[in-house]
Amino acid sequence: SETVYSSLVHGSAQEFKTSELIYRLEVRREEVLPEIRDATARRKRLLTHINNQKDDLRRLRDDLSIENGPLIKSLLEKKVIRCIAFSASNAAGNDIMGGATGGVDYAVLSEGNDIYVHKLRSGKVKQVFSGDVENKHVGEVIGHTSIVTCLYFFGTHIYSGSMDKTIMCWDVDTGERVFIARGHESTITCITVNDIKMVSGSADKTLGVWNSETGHLLRRING
């Protein structure tokens, strides 16, 4: 059998028979494979951690941009804000401002029974969904008749709950009210929405499960 000099086994050049060298290298390979796998797994975890940190930093920069931007400055100067909501769709894509992913460039807030839609970057008002007064006109009320107590912004729809015991859905693109949902017996305290359902909580100690497109009550859960 041929002999060769190699430093791969002991770190310094030594003479080996070719067959012996191949065998020893195979043994060494089996010994280091677990270390390689562990190192690869650690590298993957570190890369994931780094990417998560980058996402967190980007969200913080977005938050600071909003807090220091013209929107918040104008609001603090002019309005007494009870509720504010940013697009849940933007948040799901880790893009609060909506610029990187082509999301919704609006923030929604309430003052009294009025709902305002502001441009995120400029702070300018795009739309106002005004409150209403009971028996002010013939037919159903158009807006909330009491203080808006919660907001949820999903896609291009705004969902608002109020002390008037109703939930209203508004379309930002058309400027129209989509539906009014009745079924609770006290103030609406919270709302969450997905593509299919809307869930609301109320001071009457019940949860309401609704169709998020029509406002039809699907289920009532008593506390």
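Visitor: Why is Leu47 called partly exposed?

Guide: Leu47 has a relative accessibility of 38%, and since buried means under 20% relative accessible area, exposed over 50% and partly exposed in between (1.4 Å probe, protein chains only), Leu47 counts as partly exposed. This is a predicted model, in which local features need pLDDT of at least 70, side-chain atom pairs count only at pLDDT 80 or more, and totals for chains, interfaces and linings use all residues. Residues are numbered from 1 along each chain as its sequence is written, and side-chain values use heavy atoms, with hydrogens and water left out.

Visitor: Why is the pair of Tyr159 and Phe179 called tilted?

Guide: By the rule that rings of Phe, Tyr and Trp (its six-membered ring) pair if their centres lie within 6.5 Å, with planes under 30 degrees apart counted as stacked, over 60 as edge-to-face and the rest as tilted, the count comes to two aromatic pairs. In one of them, Tyr159 and Phe179 are 6.3 Å apart centre to centre, with 55° between the planes, and therefore form a tilted pair.

Visitor: What makes this pair tie together separate parts of the sequence?

Guide: Tyr159 lies in strand 8 (residues 157-162) and Phe179 in strand 10 (residues 177-182), so the pair ties together parts that are 20 residues apart in sequence; strands here are DSSP runs (E, at least two residues), numbered from the N terminus.

Visitor: How do you know whether Tyr159 is buried or exposed?

Guide: Tyr159 has a relative accessible area of 1%, so Tyr159 is buried.

Methods:
Helix = DSSP H or I, 4+ residues; strand = E, 2+ residues; numbered from the N terminus.
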